[in-house]
Amino acid sequence: MNPEFVNILCCPKSRERLTLEVGELFHDGSIKTGTLKTESGDRRYPILNGIPRFVDKEAYAQSFGYEWRKWSRVQFELENTERPMAGHTERMFDAITGFSEQFLKDKLVVEFGCGPGRFLDIARRRGAIAVGIDMSMAVEPARQNFKNDREVLIVQGDIFSPPFREGSFDAGYSIGVFHHTPDPAKAFDKLSSVVKENGAIACCVYSKEGLYNSPVVAAYRKLHNAVKPFLGNTPAVAYSYFSAYFIYHVFRQIRKTRLGQGLVAYLEKYLLVNVNLPDPKWRALDVFDAITPLYASTHTGEEVRSWFIQSNCYDASQMPWGETVWTGIKGSHHVRS
């Protein structure tokens, strides 16, 4: 952790400023271990492996901690050079946020639900100073992915009680995260609260159309969470690889037959979870991501737009990535919820 980041941190409970007690240092002078404490001294938060820790449990985000430690760099652009999914993460970032290199240069940007940091990587390569928060143990691979970059801060914390001072960031975004929380609208409001007036905000959540609202995904997710206390993630991982390396190819062959398109559409909706991406590693990851979360709500575009309005944002605009992808500008007089 670069000690300069302490200026944007606060106690997630009392909202007090935090002071820093330094323990061990990394070779570049950044903090490996230490303590953040409130000015009153009532609360203390550890820094472990360079990560400020404001929660001690993954709670409903546990499946993502497992997922992102297993597939920590699959979706990074550098891992996909000259591969089928080359450029996908960057195109996705552009079509969701609209944050150009010119816009991001020297901006302080936060991502709510950063996972291992594939979108932070895009922001950072465009010159942003990047901060990511995640409740899960995905913070460990995220820290590893940026271990030599002092302009990135990874925080383990709860997005419903973000340990950031209000109005700290020039821009904030969340991609594919809020629908995995108990209250997506409130999660959005918390993101808005830490962005400064006239700062940019982008949000992407699941639409009611498509894979994530299909009966088969809901059924598999329910089954996974029923057996997980006894079998862990093993069945979900096994099925994810089975789908990625077998079902995908079988369905491709069926589609070539006269009635194949309709048959595969039926099977994908009601019987077998399948993701149609050209890279098997991405397919396995995305199947696991679909069938394991505890929460996975779906939304309409108008619903997402209402979050911007309720959080006093203006110029809300729908983005090319989909119906439930919006950007806006933070207004003044944010009303905290």
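Reader: Is Phe93 buried or exposed, and why?

Author: The general idea is relative accessible area, taken with a 1.4 Å probe and protein chains only: under 20% is buried, over 50% is exposed, and values in between are partly exposed. Phe93 is buried because its relative accessibility is 0%. Please note that this is a predicted model, in which local features need pLDDT of at least 70 and side-chain atom pairs count only at pLDDT 80 or more, while totals for chains, interfaces and linings use all residues. Residues are numbered from 1 along each chain as its sequence is written, and side-chain values use heavy atoms, without hydrogens and water.

Reader: What percentage of the residues in the protein chain is buried?

Author: Of the 337 residues, 54% are buried.

Reader: How many helices and strands does the protein chain have?

Author: Both are DSSP runs numbered from the N terminus: helices are H or I with at least four residues, and strands are E with at least two. The protein chain has 11 helices and 11 strands.

Reader: With which residue does Phe93 form an aromatic pair?

Author: Rings of Phe, Tyr and Trp (its six-membered ring) pair if their centres lie within 6.5 Å; planes under 30 degrees apart are stacked, over 60 edge-to-face, and the rest tilted. The structure holds 20 aromatic pairs. In one of them, Phe93 is stacked with Phe119, at 6.4 Å centre to centre and 25 degrees between the planes. This pair links distant parts of the chain, since Phe93 lies in helix α2 (residues 88-97) and Phe119 in helix α4 (residues 118-125), 26 residues apart. Phe119 has a relative accessible area of 4% and is therefore buried.

Reader: How is the pair of Tyr266 and Tyr270 arranged, and where do these residues lie?

Author: Tyr266 and Tyr270 form a tilted pair, with 5.0 Å between centres and 45 degrees between planes. Both belong to helix α9 (residues 260-270), 4 residues apart, which is about one turn of the helix. Tyr266 is exposed because its relative accessible area is 52%, whereas Tyr270, at 44%, is partly exposed.

Reader: Which residues do ring pairs link into a cluster?

Author: The cluster consists of Tyr66, Trp71, Tyr241, Tyr245 and Phe288.

Reader: What does the radius of gyration tell us about the protein chain?

Author: The radius is taken over C-alpha atoms, and the globule rule is 2.2 Å times the number of residues to the power 0.38. For 337 residues a compact globule would have a radius near 20 Å, so the 20 Å of the protein chain agrees.
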